[in-house]
Amino acid sequence: MSSHDTIFALSSGPPPAAIAVIRISGPNARFGLETLIRRLPAPRRASLAKLFDPTTGAVLDEGLALWFPGPRSETGEDMVELHLHGGRAVIAATLAALGRIDGLRPAGPGEFTRRALENGRMDLTAVEGLADLIFAETEVQRRQAMRQLQGALGERVEDWRKRLIDSMAMVEARIDFSDEADVPEDLLGPALATAQALREEILGALADDHRGERLRDGLTIAIAGPPNAGKSSLLNRIARREAAIVSPYPGTTRDVIEVHLDLDGYPATLLDTAGIREPEHPVEQEGVRRALARAQAADLVLWVVDASLEDEAAQPPADRGGSTVWMVRNKLDLLRAGSKPGADLDPSGRRAFAISAQTGAGLDTLVAALAEHAAQVFVLGEPSIVTRARHRGALNETVEALGRAIEEGSRGKEDLVAEELRLAARRLGRITGRVDVEDILDVIFRDFCIGK
Ligand SMILES: Nc1nc2c(ncn2[C@@H]2O[C@H](COP(=O)(O)OP(=O)(O)OP(=O)(O)O)[C@@H](O)[C@H]2O)c(=O)[nH]1
Ligand SMILES: [Mg+2]
């Protein structure tokens, strides 16, 4: 697949729908449009047009045609947008017609965005932001994706990289042109000061408790506890649908069941797990193994017990994974009158809730506490700009290279300093997808006017 091809695709959701948007991008986009509507509309203006089948001349549909000449388009190439009636057959006929036009082929996944990246219309962090925006399920995720799309990380990284390239240029100038009169003597000092400052700034951005990554993934809340305590009933109540099977037989749930929640805008995945006991059946054993593993990896565990049993054995396994545990005493309706739903602390200082998954008593309090917890996890401090492991990895490597540069600098090893700074800049460049080392030479010749 060549990026010089002209590509087309249905860009709107699955039919049937009121409107379907078909996009074309590439050098033959204009030819494609002219073949279909037999004229060229004014640029960037919607115009009503009939679409003709290029072979039979029959009218396929009537809709809006938009012509975006490159490079001022989304992909940076010539582009066309057709807004048609969103019926299955209309779309199929139009796509088939486009396929019969010379030089046009169906687009692969993400290919329009790929071209925007290749043509410098977006950097890699913006592309990731766009992907996150499309998959955002909650308001807070949408805001974070929008920040990335608008360059929260990309601009920050580019700024760091520029400063790094400047200081690298100083060191290189000192190495390469130290006999020239117009190169100042002490260039290593200021370069190392910049490296030090950058290192601290990047460390600051990394010290965010992984909030950005967690916001993309959402908080994981595991429901665990002894069999028959009402874990699946609780999950169904919170999810407001019968996602898990509930039965009076202990050992009903075996696989882990996941539902996605929107807690006042914060994303969470709620897990229902198998009741924890010493099972005899090997399938249930596997269920218990999975339950324990997932509970351990969760951000928060709701440990559900049957309050009418007051089972002493039903204590949560000692906190190992560092996940927070909240006690949930269920089946409040089975207790004598006088037991009120609500929240307090248990003897060991854990938050404790009294609920009935059957009647719904106490559920509002529990759900409100979950939303509050999510807000605390995600909102403390600045919004995070590191939203993926990829960013974190590259930033960590940058910090390491800067640390080594500073160390070599203290021993006066200019060439090694330059080497580490170059590595650091390249790592940063990987985040945005710009890894052009020629930049350094530009800066040398611009700032020091050496090459006469
Ligand atoms: N009275 C009363 N019964 C409940 C309540 N919550 C659940 N139950 C009942 O308790 C039984 C077990 O409920 P489940 O939700 O399947 O329990 P579980 O903890 O998921 O059980 P396992 O999957 O076997 O570990 C069912 O018969 C439920 O109807 C409650 O608040 N009050
Ligand atoms: Mg269950």
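Reply: In β11, V325 is the bridge partner of V301. Helices (H or I, at least four residues) and strands (E, at least two) are DSSP runs numbered from the N terminus. The model is predicted: local features need pLDDT of at least 70, side-chain atom pairs count only at pLDDT 80 or more, and totals for chains, interfaces and linings use all residues. Residues are numbered from 1 along each chain as its sequence is written, while chains are lettered from A and ligands numbered from 1 in the order in which they are written.

Me: In what sense do strands β10 and β11 pair, and over how many bridges?

Reply: Strands pair if DSSP finds at least two bridges between them. Strand β10 (residues 300-306) and strand β11 (residues 324-330) are joined in the parallel sense by seven bridges.

Me: What is the order of the seven strands in that open sheet?

Reply: The order is β8-β9-β7-β10-β11-β13-β12, and the pairing is mixed. Because β8 (257-263) and β12 (342-345) each have a single partner strand, they stand at the edges, and one side of each lacks a neighbour in the sheet. On average, neighbouring strands of this sheet are turned by 25° against each other, direction ignored.

Me: Which strands does α9 lie across?

Reply: Contact means C-beta atoms, placed from the backbone, within 7 Å; angles run from 0 to 180 degrees between N-to-C directions, with axes fitted to C-alpha atoms, for helices over the stretch in contact. Helix α9 lies across β7 (219-224), β8, β9 (266-272), β10 and β11, at about 155° to β9. Helix α10 (residues 282-297) lies across β7, β9 and β10, and runs at about 140° to β7.

Me: Which residues come nearest to ligand 1?

Reply: A residue is near the ligand if its C-beta atom, placed from the backbone, lies within 6 Å of it. Of 23 residues around ligand 1, the nearest are G230, S232, S233, T253 and G275. Helix α9 (residues 231-239) supplies the largest share of this shell, three residues. The shell comprises eight nonpolar, 12 polar and three charged residues; Ala, Val, Leu, Ile, Met, Phe, Trp, Tyr, Cys and Pro count as nonpolar, Asp, Glu, Lys and Arg as charged, and the others, Gly among them, as polar.

Me: What is the order of the six strands in the other open sheet?

Reply: The six strands follow the order β3-β4-β5-β2-β1-β6, with mixed pairing. Its edges are β3 (47-52) and β6 (104-106), each with a single partner strand, so one side of each has no neighbour in the sheet. The twist from one strand to the next averages 30°. Strand β1 (residues 6-10) pairs with β6 in the parallel sense over three bridges, and T6 stands opposite L104 in β6. Helix α2 (residues 88-99) packs on this sheet, touching β1, β2 (17-25), β3, β4 (59-68), β5 (79-86) and β6, and its direction makes about 65° with that of β4.

Me: At what angle do helices α6 and α7 pack, and how far apart are their axes?

Reply: Two packed helices are described by the angle and the distance between their axes. Helix α6 (residues 152-176) and helix α7 (residues 188-206) pack at about 155°, with axes 9 Å apart. Helix α6 is therefore roughly antiparallel to α7 (under 35 degrees is roughly parallel, over 145 roughly antiparallel, 65 to 115 roughly perpendicular, the rest oblique). Their contact divides into 10 nonpolar, two polar and three charged residues. Among the residues that meet are W160 and R163 in α6 and L188 and P190 in α7.

Me: At what angle do α4 and α5 pack?

Reply: Helix α4 (residues 124-135) and helix α5 (residues 139-149) pack at about 155°, with axes 7 Å apart. They are therefore roughly antiparallel to each other. Their contact has six nonpolar, three polar and three charged residues, including T125 and L133 in α4 and R142 and L149 in α5.

Definitions and conventions: Contact = placed C-beta atoms within 7 Å.
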